[in-house]
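Subject: Structure handover

Hello,

Please find the structure below, together with its sequence. My notes on it follow.

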Amino acid sequence: MAEILVLAEHADGEVKKVTYELITLARRFGEPAVVWTGPGAEEGQPGCAEFGAARVYVAGDTRFDDYVVTPTAELLAQLVREKAPALVLVAGTAEGKEIAARLAIKTGSGLLTDAVDLTPGPDGSPVAEQSIFGGATIVHSRVTRGTPIVAMRPHAVSMEENFAGAKITGRVVAERGERPDLTEATIVVSGGRGTGGAEGFGIIEQLADALGAAVGASRAVTDAGWYPHQFQVGQTGKTVSPQLYMAIGISGAIQHRAGMQTSKTIVAINKDPEAPIFELADFGVVGDLFKVVPQLLDEIAKRK
Ligand SMILES: Cc1cc2nc3c(=O)[nH]c(=O)nc-3n(C[C@H](O)[C@H](O)[C@H](O)COP(=O)(O)OP(=O)(O)OC[C@H]3O[C@@H](n4cnc5c(N)ncnc54)[C@H](O)[C@@H]3O)c2cc1C
């Protein structure tokens, strides 16, 4: 059976959910083989095996943690040359995409990024589904040269001494408290200019916490400094695809939609019945968010 390389994403000893998604996807095409860089493989392996990884290639050198992307791209290139996998899967994070691009150059292969689905084509080769032009068009693409490399949107030796590129000189822990990671969360509650300010935005956090959700924001909010930029959803922010996306006081501009329209279920709360977000929403509430959200919080509290 063909081997499918899956690059593991992990941090602070924890395997990121996207790794399991990639392993699950890999099983459609062959035998998943996880590529693990840096320490922590021993703790991470059982989880990967549970999702169907047939083996884990470990490059446990701590230097993988100290450099940005170059060693990982070189490691994958070596594995592509030695193992001739049918497909390489990486997470469509900023780091994952850069590794994938470098790997494509090193191996003379085709790369598909921001795939939202991957299915076998008539000849069994992977066909990626991508949502482009701000989500207005869905395209299906296939790699025609080399080993297909695919960076999937969220939701795997020996090392040579040729480390190059930028060195990580310090790490800053993202400020997100106990909330799930925005790009990995099952539920995202996002607030827009309708919240009226940093204080008003607090109600978005309250709802997110009641639902165990991540907090997102429109660019109007982050540009105004009401909430940090790392939480911006949209064309120039994060792309999310949760099971449930709640857009509260957000008009639904095309640039915002580009980052959330592949969400499974979209709920909008807006006082303007003509707001474009309602064209996209599965469920909509027309009303003042400061009246609707407290009622929602009461209902959630009753059910707990
Ligand atoms: C190149 C470019 C890139 C961009 N990238 C992004 C991006 O990544 N992400 C992004 O979000 N935007 C992006 N934008 C900006 C985008 O065009 C919009 O300006 C922005 O999304 C608007 O944010 P908003 O919906 O919060 O604000 P508004 O458009 O002002 O909408 C506020 C909404 O809140 C509603 N409202 C007001 N008060 C209440 C209330 N009390 N209760 C309920 N509803 C209420 C209003 O009816 C309105 O629909 C980009 C723009 C450009 C040009």
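Thr147 is buried, as its relative accessible area is 13% (buried means under 20% relative accessible area, exposed over 50%, and partly exposed in between, with a 1.4 Å probe and protein chains only). Thr147 sits in the loop between β9 (137–142) and β10 (149–152); helices (H or I, at least four residues) and strands (E, at least two) are DSSP runs, numbered from the N terminus. Neighbours within four places in sequence aside, Thr147 is in contact with Val80, Pro85, Ala86, Leu87, Val88, Ser109 and Gly110, where contact means heavy atoms within 4.5 Å.

Thr144 lies in that loop between β9 and β10 too, but counts as exposed, at 70% relative accessibility. From Thr144 to Leu111 there are 33 residues in sequence, and 9.6 Å in space from C-alpha to C-alpha.

Before the rest, some notes on the source. The model is predicted: local features need pLDDT of at least 70 and side-chain atom pairs count only at pLDDT 80 or more, while totals for chains, interfaces and linings use all residues. Residues are numbered from 1 along each chain as its sequence is written, and side-chain values use heavy atoms, with hydrogens and water left out.

The sheet

Strands β4 (residues 31–37) and β5 (residues 55–59) pair in the parallel sense over 5 bridges. Between them the chain passes through helix α2 (residues 41–50), and this β-α-β crossover is right-handed; that term applies if, with the strands pointing away from the viewer, the path from the first strand over the helix to the second runs clockwise. Val34 has Val56 in β5 as its bridge partner.

Strand β7 (residues 111–120) runs parallel to β10, with 3 bridges between them. In this part of the sheet, Ala115 stands opposite Met152 in β10.

The cores

A nonpolar core is a set of buried Ala, Val, Leu, Ile, Met, Phe, Trp, Tyr and Cys residues joined through side-chain atoms within 4.5 Å. The largest has 26 residues, of which Leu89, Leu118 and Met152 touch the most other members. Two or more residues each come from β1, α1 (17–26), β4, α2, β6, β7 and β10. With 6 residues, α1 gives the most to this core. Another core, of 23 residues, lies apart from it and includes Val189, Ala208, Ala217 and Val221.

Aromatic pairs

There are 3 aromatic pairs in the structure. Rings of Phe, Tyr and Trp (its six-membered ring) pair if their centres lie within 6.5 Å; planes under 30 degrees apart count as stacked, over 60 as edge-to-face and the rest as tilted. Tyr20 and Phe51 are stacked, because their ring centres are 4.1 Å apart and their planes are at 10°. This pair links distant parts of the chain, with Tyr20 in helix α1 and Phe51 in the loop between α2 and β5, 31 residues apart. Tyr20 is buried at 18% relative accessibility, whereas Phe51 is partly exposed at 31%.

Phe201 and Tyr227 form a tilted pair, with ring centres 4.5 Å apart and planes at 35°. Both are buried, Phe201 at 1% relative accessibility and Tyr227 at 11%. Together with Phe231, Phe201 and Tyr227 form one aromatic cluster.

Positive phi

Most residues other than glycine have a negative phi. Ala84, in the loop between α4 and β6, has a positive phi near 45° and is exposed, with a relative accessible area of 59%. Asp114 lies in strand β7 and has a positive phi of about 55°; at 24% relative accessibility, Asp114 is partly exposed.

Regards

Conventions
Two strands pair if DSSP finds at least two bridges between them.
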